[in-house]
Amino acid sequence: MPDYHDDLRLAHVLADAADAATMDRFKALDLKVETKPDMTPVSEADKTAEELIRSNLKRGRPRDAILGEEFGVEGTGPRRWVIDPIDGTKNYVRGVPVWATLISLMEAGEGGFQPVVGVVSAPALGRRWWAAKGAGAYTGRSLTSATRIHASKVSRLQDASFAYSSLTGWEEQGRLDGFMDLTRAVWRTRGYGDFWPYMMVAEGSVDLCAEPELSLWDMAATAIIVTEAGGSFTGLDGAPGPHSGNAAASNGLLHDELLGYLNQRY
């Protein structure tokens, strides 16, 4: 199996640079925010963080392609870095500390590109998570100060904690009835949103989470962290990985039930 330690170390350097840029403008009274064509917000910090990551990658990995939320795809080849400079921009611009920079390295393989390295850095929470293919998932302040994490062993839905982002997407897709049935079947529900539920699935503090509409840069880093922690990460169609345009993550033991509820009346 390839050794991705150098790539993981670089991803941490990229995350450090992004954290410095995003924290510098977090809660700034003069933060500039625009509306993109898809009607979602983008701040100057989103653009600055992605530009920093791209410039570092061009120096450190000039042969690798880059796909970012704000500036699209650049380059070709079997290795592609996927970047979401601020996952949770709506939180960021309102001063809510639940946002993160997501960085993933994907490699071409059977079934297309698959994530082999992922880093999720949430500096306003003082948290960071990461994983590399075959090496497990970790949390901590740095590679040398880390704790390995594992998904939970909860095996009954009535004992499970389920996290989600919002209700509107489920309603728009005609999945709201199944979603609501799931919330009634589990022990506890909480609407944390964005990257955080996936990291809690990986840590074992949440057992299930799902979102009805996502982009690749929302999922590439979280997918490998969840799976390397022993959990399952698929689309709502059950296809493994971050390519379905939506996501379902679990500790693995409850995954079939999770998908069953979210698809039962669809």
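**Note on helix packing and aromatic contacts**

1. The crossing of H1 and H2 is right-handed, a crossing being right-handed if the near helix is turned clockwise from the far one by less than a right angle, and left-handed if anticlockwise. The residues making the contact (heavy atoms within 4.5 Å) include Leu 10, Leu 14 and Arg 25 of H1 and Glu 44, Leu 52 and Leu 57 of H2.

2. This is a predicted model, in which local features need pLDDT of at least 70 and side-chain atom pairs count only at pLDDT 80 or more, whereas totals for chains, interfaces and linings use all residues. Residues are numbered from 1 along each chain as its sequence is written, and side-chain values use heavy atoms, with hydrogens and water left out.

3. Helix H1 (residues 5-25) packs against helix H2 (residues 44-60) at an angle of about 155 degrees, and their axes are 9 Å apart. H1 and H2 are therefore roughly antiparallel, a label given to angles over 145 degrees.

4. Trp 170 and Phe 179 form a stacked aromatic pair, at 5.3 Å centre to centre and 25 degrees between the planes; rings of Phe, Tyr and Trp (its six-membered ring) pair if their centres lie within 6.5 Å, and planes under 30 degrees apart count as stacked.

5. Pro 62, in the loop between H2 and strand S3 (65-68), counts as exposed at 62% relative accessibility, the cut-off being over 50%.

Notes:
Phe/Tyr/Trp six-rings, centres within 6.5 Å; stacked < 30°, edge-to-face > 60°. Axes fitted to C-alpha atoms, helices over the stretch in contact; angles between N-to-C directions. Helix = DSSP H or I, 4+ residues; strand = E, 2+ residues; numbered from the N terminus. Parallel < 35°, antiparallel > 145°, perpendicular 65-115°, else oblique. Buried < 20%, exposed > 50% of the residue type's maximum accessible area, 1.4 Å probe, protein only.
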